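Here is a short note to read with the structure open beside you. Take the points in order and look up each place as you go.

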Amino acid sequence: VVEMSVIVSFLAKNFIPPTVLCVLERLYLPKFLPSLTALSPLLPVPKLYGSVILINVIGSAFFTVFLGVKVGGARKAAIEKAKKEGDPDAEARFSYPKMYAEGFSAEAKQFNCVQRAHQHTLETYTSMIAMSLIGGLTQPVVTALAGLLWIVARAKWSAGYSTGEPGNRYDRSGGWGRHIWTALLWLIITCASTSVQLLVF
């Protein structure tokens, strides 16, 4: 049974800050930056929605491609290293179409960690993009900040994972690894804000 203090602490740390930011953005941004919160002449969305597209969609797309390139480089390095170690099946073990390397060698573990960092990113990517596109309609600033946080946290998390030790995805991220989940929670809040505003206003 989870203690009530744990639930309250979780809510205070993860849901209250983005909710407050959404309220502040909705109440004060139009007063201080009316030209950026006005509807774009191109599409009936706030001009700041462009920041959501730039960071959350385009920036994250480049980032996922970068992770894919890292997998390709890790695959090549693993084949070369395994061949040097005398593995007669190095090509078969690491080459396409295999997503993960078979076996328990250090090369297989190293490669699988790099591949897993990329695969895990892709597992949450669709949700991140969908929530960004929805949440950004009414909360473009908070949504773009969440997207930036997601990219930075994913980069740190992936770098830690790519060391070949799965635990390093959090331990070596400088505390950033857990913020991939913080960013997704913030995006859930921005989506909820958009849905409430559509239902109420």
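**Notes on helix packing and a few local details**

1. Helices here are DSSP runs of H or I with at least four residues, numbered from the N terminus. Axes are lines fitted to C-alpha atoms over the stretch in contact, and angles run from 0 to 180 degrees between N-to-C directions. L11, A12, K13 and N14 of α1 meet I16, P17 and P18 of α2, where contact means heavy atoms within 4.5 Å. By class, that contact has 5 nonpolar, 1 polar and 1 charged residues. Ala, Val, Leu, Ile, Met, Phe, Trp, Tyr, Cys and Pro count as nonpolar, Asp, Glu, Lys and Arg as charged, and the others, Gly among them, as polar.

2. A word on the model: it is predicted, with local features needing pLDDT of at least 70 and side-chain atom pairs counting only at pLDDT 80 or more, while totals for chains, interfaces and linings use all residues. Residues are numbered from 1 along each chain as its sequence is written, and side-chain values use heavy atoms, with hydrogens and water left out.

3. Next, look at helix α4 (residues 49-84) and helix α7 (residues 140-161), which pack at an angle of about 15 degrees with their axes 8 Å apart. The two are therefore roughly parallel, a label for angles under 35 degrees, with over 145 counting as roughly antiparallel. The crossing of α4 and α7 is left-handed, meaning that the near helix is turned anticlockwise from the far one by less than a right angle. Among the residues making the contact are F63 and L67 of α4 and W150 and I151 of α7. Its residues divide into 11 nonpolar, 7 polar and 1 charged.

4. How do α4 and α6 pack? Their angle is about 165 degrees and their axes are 9 Å apart, and they are therefore roughly antiparallel. This crossing, of α4 and α6, is left-handed. The contact of α4 with α6 comprises 18 nonpolar, 8 polar and 4 charged residues.

5. The whole structure holds 7 aromatic pairs, that is, rings of Phe, Tyr and Trp (its six-membered ring) with centres within 6.5 Å. For F94 and F111 the ring centres are 5.9 Å apart and the planes at 90 degrees, so the pair is edge-to-face (planes over 60 degrees apart). F94 sits in helix α5 and F111 in helix α6 (residues 106-135), 17 residues apart.

6. Finally, R93 also belongs to helix α5 (residues 90-94). Leaving out residues up to four places away in sequence, R93 touches D87, K98, Y100, A101, E102 and G103. Its side chain reaches the backbone oxygen of E102 at 3.3 Å. In the loop between α5 and α6 lies P97, joined to Y96 by a cis peptide bond with omega about 10 degrees.

Methods:
A polar contact is a pair of N or O atoms within 3.5 Å; within protein, one must be able to donate a hydrogen and the other to accept it, and residues adjacent in sequence count only if both atoms are side-chain atoms. Angles under 35 degrees count as roughly parallel, over 145 as roughly antiparallel, 65 to 115 as roughly perpendicular and the rest as oblique. Rings of Phe, Tyr and Trp (its six-membered ring) pair if their centres lie within 6.5 Å; planes under 30 degrees apart count as stacked, over 60 as edge-to-face and the rest as tilted.
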